[in-house]
Protein chains: 2
Amino acid sequence: MARGNHPRTVWQGPSWRLIAEKVTLPDGSSIEQGKVEHPGSVVLVPIQGVGADLELLMIRQYRQVLGSTILELPAGTREWGEDWLHCAQRELREETGYRAERFTLLGEIWPAPGMSDELMRIYLAADLSPDPLPADVDEQIELKPMPLSELVALASGGELRDGKSVVGILRAAAFLALS
Amino acid sequence: MARGNHPRTVWQGPSWRLIAEKVTLPDGSSIEQGKVEHPGSVVLVPIQGVGADLELLMIRQYRQVLGSTILELPAGTREWGEDWLHCAQRELREETGYRAERFTLLGEIWPAPGMSDELMRIYLAADLSPDPLPADVDEQIELKPMPLSELVALASGGELRDGKSVVGILRAAAFLALS
């Protein structure tokens, strides 16, 4: 097994940090590997309406890292140690202007386990009512409600490119079909 | 809009690098944001058998970042500038010991667009035959063929936690149902 030595913090950002450590490989050579230590994040699948009228509250958000605006589910980074449901309600209110009375966990995912220990918890958010919180000052978000059926087609067919959103939409569709 | 200034390379690893830059927010304050620059990666959905006997070649891989072994689809990082299909065939042979005669693109995803510009291309890999390449020296991989129907249940239900694998399995199931 590869062994790691002398981890050092290379960079500490507002929420996550990069650790680098020298790893000795089975053949005796060594490389320096990077690992992002991350507090985790929440992904929200906010639903309104029923049956064929069921919609998800998607957002269009400018992503500085990509240099473009993308279609995605509301989501956000947890504070270190923050209660997960507190984080879910806070991010929902900040990004959509709604609060939910009911959250249902649709499982967790690691978005990038080759590089980062980030764990995302995905929540269905139901029984919505207006209750906005100010958005983060560095975020540019436009709310975009869309029919679930259309989103399932985009997620399955490949047109939707945000990974967490593909997972959240398809898990929500499976859950709602069974419930 | 937030503006970035003075980007600097904080860390350069074997495949990706971390850039940090000072960003001035609309309220005049500033923070340093981190951005991973990544060459991209491929995700393989290798299939064998037909109908109810259809299996995917999953792997169990030790993930140093998580400190545990996880169930996932074969995948790997592209070399900077490497042809995508060349990368797909190489990673398939390294991680499963099989080559594919037919690759079908199932779309792309950004696994972590808040932090990284990594783009993953997902390929269905069919018409498999044994043709191994030596595995990367830092990887510990066990091949694990599993029925597609079982994997769809794990991916939809939340038991499967690797994000790219959830997307790859559910897109492959939708594609195969239509083709």
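**Entry 1: two helices of chain B**

I began with helix α2 (residues 148-157) and helix α3 (residues 163-178) of chain B, whose axes come within 9 Å and cross at roughly 125°; the axes are lines fitted to C-alpha atoms, for helices over the stretch in contact, and the angles run from 0 to 180 degrees between N-to-C directions. This is a predicted model, in which local features need pLDDT of at least 70 and side-chain atom pairs count only at pLDDT 80 or more, while totals for chains, interfaces and linings use all residues. Residues are numbered from 1 along each chain as its sequence is written, and chains are lettered from A and ligands numbered from 1 in the order in which they are written.

I noted that α2(B) and α3(B) are therefore oblique to each other, since angles under 35 degrees count as roughly parallel, over 145 as roughly antiparallel, 65 to 115 as roughly perpendicular and the rest as oblique. Helices (H or I, at least four residues) and strands (E, at least two) are DSSP runs, numbered from the N terminus.

I then looked up the residues of this contact, which are Leu148(B), Leu151(B), Val152(B), Ala155(B) and Ser156(B) on α2(B), and Val166(B), Ile169(B), Leu170(B) and Ala173(B) on α3(B); two residues are in contact if their C-beta atoms, placed from the backbone, lie within 7 Å. By class I found 8 nonpolar, 1 polar and no charged, where Ala, Val, Leu, Ile, Met, Phe, Trp, Tyr, Cys and Pro count as nonpolar, Asp, Glu, Lys and Arg as charged, and the others, Gly among them, as polar.

**Entry 2: where the chains touch**

I looked next at the two chains together, and found 49 residues of chain B in contact with 49 residues of chain A. On the side of chain B that touches chain A, α3(B) gives the most, with 7 residues, and that side has 26 nonpolar, 12 polar and 11 charged residues.

**Entry 3: helix α1 of chain A**

In α1(A), I listed Cys87(A), Ala88(A), Gln89(A), Glu91(A), Leu92(A), Glu95(A) and Thr96(A) as buried; a residue is buried if 20 or more other C-beta atoms lie within 10 Å of its own, exposed if 12 or fewer, and partly exposed in between. These buried residues pack against several strands of chain A, including β4 (41-48) and β5 (55-63). After α1(A) comes Gly97(A), with a positive phi near 85°.

**Entry 4: Trp16(B)**

I found Trp16(B) in the loop between β1 and β2 of chain B, and it counts as buried because it has 21 C-beta neighbours inside 10 Å. Leaving out residues up to four places away in sequence, Trp16(B) touches Val36(B), Glu37(B), His38(B) and Pro39(B).
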